[in-house]
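Here's a quick walk through the fold, strand by strand and then on to the helices. Have the viewer open as you read.

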Amino acid sequence: MIRNVIFDFGAVLFQWKPLQIVQTFTQSVDEQNILMREVLAHPDWLELDRGTMLIAEEIPKFAARTNISVQRMEDFFSHIQLSLEKIPETETLFFKLLDQNYPLYYLTNMCSAFFETLYEKHHFISFFDGGVVSGKELTMKPEPEIFHLLCERYGLVPHECLFIDDHYPNIETAKALGFNTVLFTPTQNCIDEIEEILTMFSEKKQLTR
């Protein structure tokens, strides 16, 4: 029986399209390539997600490595945050599940500063029953520790949870720990799959009463 639903943020509830982010920031192909390679795809980006480095510490490092000014790098980080727009289909799903009284949680790899910006901008995040942000915990998906932390903090039992994430390694870890999972794609078929799984488990619950 599924009692709880757990959402990832990036590319599930919010847009995360790195190539589009750099292309809408600069028309220079050279600068686009540099920002992709030396910022968004650089190991230091993962340190931001893990919380072992802060944006204020990383921006000068990114600027020095790319030969892009600190001010322009700050502008790029502001642009990234503005690019994290809601995905309408999953927002609709979120409110539908909320109306069905499912406890809802989040488990996201994200620096704490980005999360706080999203929280201030998007009121619906306050409707979650709780969640874990990697940048606040010094651990991140797909490491099992962050899944254990979520369960311990909120008293969750993995086999009673549906975990929705777009990154296959995260899904693999979740499955190994006993979670029900859906590998998310931004399609109606995926939304339908999530609803079918929840309906199926709801029907099973009715039959066992």
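This is a predicted model: local features need pLDDT of at least 70, side-chain atom pairs count only at pLDDT 80 or more; totals for chains, interfaces and linings use all residues.

Next comes the link to strand 2. Strand 2 (residues 104-108) pairs with strand 3 in the parallel sense, over 4 bridges. If you want a residue pair to click on, V133 in strand 3 is the bridge partner of T108. To get from strand 2 to strand 3 the chain passes through helix 7 (residues 112-121), making a right-handed β-α-β crossover.

So where does strand 3 sit in the sheet as a whole? The sheet is open, has 5 strands in the order 3-2-1-4-5, and is paired in parallel. Strand 3 (130-133) and strand 5 (180-183) are the edge strands, each pairing on one side only. On average, neighbouring strands in this sheet are turned by 15° against each other, direction ignored.

| Strand pair | Bridges | Residue pair |
|---|---|---|
| strand 2 and strand 3 | 4 bridges | T108 and V133 |
| strand 1 and strand 2 | 3 bridges | V5 and L104 |
| strand 1 and strand 4 | 4 bridges | I6 and F163 |
| strand 4 and strand 5 | 4 bridges | D165 and L183 |

Strand 1 (residues 4-7) has a side-chain pattern of its own to check: N4 and I6 point one way, V5 and F7 the other way, and all are buried. Two of these residues also turn up in the pairings, with V5 partnered by L104 in strand 2 and I6 standing opposite F163 in strand 4.

Over at strand 5, the neighbour is strand 4 (residues 161-165), and the two run parallel. Helix 9 (residues 168-176) packs on the sheet here, touching both strand 4 and strand 5. The direction of helix 9 makes about 170° with that of strand 5.

Now for a helix pair. How do helix 2 and helix 4 cross? The axes of helix 2 (residues 29-40) and helix 4 (residues 55-66) come within 10 Å and cross at roughly 135°. Helix 2 and helix 4 are therefore oblique to each other, and their crossing is right-handed. For the contact itself, look at I34, E38 and V39 in helix 2, which meet F62, R65 and T66 in helix 4.

How values were computed: Residues are numbered from 1 along each chain as its sequence is written. Side-chain values use heavy atoms; hydrogens and water are left out. Two strands pair if DSSP finds at least two bridges between them. Axes are lines fitted to C-alpha atoms, for helices over the stretch in contact, and angles run from 0 to 180 degrees between N-to-C directions. Contact means heavy atoms within 4.5 Å. A crossover is right-handed if, with the strands pointing away from the viewer, the path from the first strand over the helix to the second runs clockwise. Angles under 35 degrees count as roughly parallel, over 145 as roughly antiparallel, 65 to 115 as roughly perpendicular and the rest as oblique. A crossing is left-handed if the near helix is turned anticlockwise from the far one by less than a right angle, and right-handed if clockwise. Buried means under 20% relative accessible area, exposed over 50%, partly exposed in between (1.4 Å probe, protein chains only).
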